[in-house]
Amino acid sequence: MSVLAGFMVPHPPLIIAEVGKGEERKIAETAKAYHKVGREIAALAPETIVVISPHNVMYRDYIHIRPQEHLRGSFRQFGAQKPVIEADCDLEFIDALCRIAEAGGNAASCWGVLGGEDEKLDHGTLVPLSFVNQYYHSYRLVSVGLAGLPLTVHYRLGQAIKETAEKLGRRTVVIASGDLSHYLKEDGPYGYREEGPVYDERIMDVMADAQFGRLLEFSDEFCSQAGECGHRAFTILAGALDETAVRPERLSYQDTFGVGYGICTYDVIGKDPKRNFLEQYRKSMMQRCTPASDDADAYVALARKSLEHYVTTGRRMDVPEALPTEMTERSAGVFVSIHKDGALRGCIGTIAPMQENIACEILENAISAAAFDPRFAPVTPEELSQLVYSVDVLGEPEAVFSMDVLDAKRYGVIVTKGSRRGLLLPDLDGVDTPEQQVAIARQKAGIGADEKGVALARFQVIRHGEKG
């Protein structure tokens, strides 16, 4: 046997009566759907339940799987002593899952059991288990977190969960615990953003019809602006149902408290090799980033050649001959951005020219984006064929004194206070207003939202390649 079913569920603590103290009645539809989930899992009688939670131990570049033999937790932090949830963990399953990571090398080595010694269950795991336990107890738990890694890595972990269940012959169900947008109502706890309801409508359409390939198309910027917490959990669930025919059912959606709560179920009904969404996505990305497409743009071609030469040889390449004169006779600030599987993989740039010309600027910044962006591990040779490049050539910054003259699609923005300076390029996914643009630039500069005396400047760019 393999994965028997999957479930998309939310995790509002107040749905638990001891926490809600009457407030849970306002999301009775969600509770009713949750009870149905509990009964369905009991009918399946799984040996192992995998629960994926965004409130589990989380690292930027590593997906943590809890290694403890026994886990327990309660809603004490939410003012309730009961219920207490306890579970024995499926250590054999966890070990086999980690061995897949070890065998997979670079492609799979970003999950495992390192770190996270706390034996307490988080509320993203406690809420779904509190409903399951009302109907069924004969299971062992595999508790999984998320990371700031691309969606494709999370999908790959889901595939490994499926592979592990098949290898062990383990009757398994997978629960993806995650709320939707937190920005649905002005009077909600987090306020309102226009991306919030857009995200919820899109994600419920995707999940209601099990169109899992579309999960990989959501940009990190859009998800961040929407304030969701479950997208990566849903993507792991999708991977666990890779090449699988499912019967999807949308049970409920509510936004009573300004946060989206959605429940969908997926009964496995057979195999379907055509539902290989990660493979399809990667083929589509490969078609977009073939080197032949760079031939039409010398800027992107030079960034690619510089990065590939450095990654494969460890040396900087010389400026090639026969470049356009605008690259060899002009100087400007340049940003080089690289993406992999739709997610940022590195971005380094210069606000003002630091090299003798644009060509040299591209050569240096492409290497920096690949090897020295502190947010990411250095690019490896195995990744080179999967990278998409963009090169932004910056115009002269122009001081501005009003937000009214900014345009997030047309102009980039620079915020400065003393020695602190932050820059954001224009026309980025999920950044639609000058207010959003300035807020992110402030954050990058370490300038507080309420700090006064901040200087603003705008600039235009000429963009080569995909969006940076």
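Is Lys26 buried, partly exposed or exposed, and what is its relative accessible area? Select Lys26 to begin: this residue is partly exposed, with a relative accessible area of 45%, where buried means under 20%, exposed over 50% and partly exposed in between, taken with a 1.4 Å probe on protein chains only. The model is predicted, so local features need pLDDT of at least 70 and side-chain atom pairs count only at pLDDT 80 or more, while totals for chains, interfaces and linings use all residues. Residues are numbered from 1 along each chain as its sequence is written, and side-chain values use heavy atoms, with hydrogens and water left out.

Lys26 forms a salt bridge with Glu23, their closest N and O atoms lying 3.2 Å apart; a salt bridge here is a side-chain nitrogen of Lys or Arg within 4 Å of a carboxyl oxygen of Asp or Glu. Glu23 is also partly exposed, at 31% relative accessibility. By this rule the count comes to 18 salt bridges.

Next, select Trp111, one of the residues with the most contacts inside the largest nonpolar core, which has 92 residues. Such a core is a set of buried Ala, Val, Leu, Ile, Met, Phe, Trp, Tyr and Cys residues joined through side-chain atoms within 4.5 Å. Helix H5 (residues 151–168) gives the most to this core, with 7 residues; helices (H or I, at least four residues) and strands (E, at least two) are DSSP runs numbered from the N terminus. Leaving aside neighbours within four places in sequence, Trp111 is in contact (heavy atoms within 4.5 Å) with residues including Tyr62, Leu97, Val153 and Leu157. A second, separate core of 25 residues includes Val311, Leu323, Ile362 and Tyr389.

Move on to strands S11 (residues 334–340) and S12 (residues 343–349), which run antiparallel and are joined by 6 bridges; two strands pair if DSSP finds at least two bridges between them. His339 has Leu344 in S12 as its bridge partner, and in this hairpin, with 2 residues between the strands, Asp341 takes a positive phi near 55 degrees.

Then select Arg375 and Asp373, whose side chains meet in a salt bridge at 2.7 Å, N to O. Arg375 is partly exposed at 39%, whereas Asp373 is buried at 3% relative accessibility.

Finish with Glu451 and Lys417, which meet in a salt bridge at 3.2 Å, N to O. This pair links distant parts of the chain, 34 residues apart: Glu451 is in the loop between helix H13 (434–445) and strand S17 (455–459), and Lys417 is in strand S15 (residues 412–417).
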